[in-house]
Amino acid sequence: MKQFRADLHIHTVLSPCGDLDNSPIRIVNRAREKGLDIIGITDHNSTLHAPLIRKLAEPHGIYVMMGAEVTTKEEAHCLAFFETEKQLAEFQQYLDEHHPFFANDPDQFGYQLQVDENEEIIQMIDYLLITALDQSIDEIAAKVHQLEGLFIPAHIDKQRFSVISQLGFIPPGLQADAFEISPRGKADQMQAYIKKHPVQTFIQSSDAHLLDDIGKTYCIFEMPHHNWQEIKRALKGEEGRKVVLVG
């Protein structure tokens with residue numbers, strides 16, 4: 001088995017809390033500098049930058065997990081990833097259908113910019129992306145799996161915007177493919193929350209909103225190749241494949 005460094009929780013300039021230095025090309029360059037093999041693009045309730053970053057990263061051997069960080073009706077943050085641009089576009093349509101359109105105040109929340117590979121602005125999103133969808137965590141998980149994606153509750157150890165902070169527990173029937181812990185989180189402290197869940201895999205990511213934070217926290221995927229199917233198999237722990245936390 002080979003080892004691949006993965007940071008699966010990275011925000012771009014599209015997220016209102018994302019630094020304006022976090023353009024697609026700079027994210028790719030930073031990932032190269034940090035020796036990352038796999039990165040996840042997870043803007044708040046939006047997938048718009050993910051295809052471009054996959055295109056920019058591919059020549060450098062970096063595999064991009066295209067997705068979003070979704071805010072559920074319960075205000076729990078969850079990561080959703082998709083293999084193809086078609087699946088991603090269908091999920092974006094779902095996000096648009098269930099997102100409340102409150103106007104963004106850039107002075108209060110930050111700018112929400114979609115840019116091209118030359119860092120030229122394509123559009124400024126005028127509705128606030130960080131607000132919760134009108135869909136429950138179970139409904140969102142079901143939609144992600146209907147589109148053959150991966151669903152991972154984010155930073156479950158945090159005291160805000162995690163499934164545990166919002167619900168107090170992991171729903172027994174939740175269709176999760178893994179559970180993310182924050183950079184300072186400890187898997188052993190979270191083990192009790194998932195001991196009855198069929199999925200026992202943790203990932204650990206940077207949740208980078210600043211360029212310098214990309215790759216500061218990562219996990220190792222042990223598998224033959226770094227592609228979608230192998231990542232899915234590693235999350236399931238199939239045939240010697242696994243995810244190893246290094247924090």
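Which are the buried residues of helix α1 (residues 24-33)? In this predicted model, the buried residues of that helix are P24, I27, V28, R30 and A31. Because these residues cover an arc of only 165 degrees around the axis, they lie on the same side of α1. The elements that cover them include the strands β1 (2-10), β2 (38-41) and β5 (113-115), together with the helix α2 (50-57). Just after α1 comes G35, whose phi is positive, at about 70 degrees.

From this helix the reader may turn to the sheet. It is an open sheet of seven strands, arranged in the order β7-β4-β3-β2-β1-β10-β11, and its pairing is mixed. At its edges stand β7 (150-153) and β11 (242-245), each of which has a single partner strand, so that one side of each is left without a neighbour in the sheet. On average, neighbouring strands of this sheet are turned by 30 degrees against each other when direction is ignored. Helix α3 (residues 85-98) packs on the sheet, where it touches β3 (63-71) and β4 (77-82), and the direction of α3 makes about 10 degrees with that of β3.

In general terms, the strands of a sheet pair through backbone hydrogen bonds, either parallel or antiparallel.

A last stop is helix α7 (residues 187-194), in which M190 has its place. Is M190 buried or exposed? With a relative accessible area of 10%, M190 counts as buried, because the cut-off for a buried residue is under 20%. When residues up to four places away in sequence are not counted, M190 touches I156, D157, I164, I181 and F202. D212, for its part, is 22 residues from M190 in sequence, and the C-alpha atoms of M190 and D212 are 27 Å apart in space.

Conventions:
Residues are numbered from 1 along each chain as its sequence is written. This is a predicted model: local features need pLDDT of at least 70, side-chain atom pairs count only at pLDDT 80 or more; totals for chains, interfaces and linings use all residues. Side-chain values use heavy atoms; hydrogens and water are left out. Two strands pair if DSSP finds at least two bridges between them. Helices (H or I, at least four residues) and strands (E, at least two) are DSSP runs, numbered from the N terminus. Axes are lines fitted to C-alpha atoms, for helices over the stretch in contact, and angles run from 0 to 180 degrees between N-to-C directions. Contact means heavy atoms within 4.5 Å. Buried means under 20% relative accessible area, exposed over 50%, partly exposed in between (1.4 Å probe, protein chains only). The arc is that of the directions from the helix axis to the C-beta atoms.
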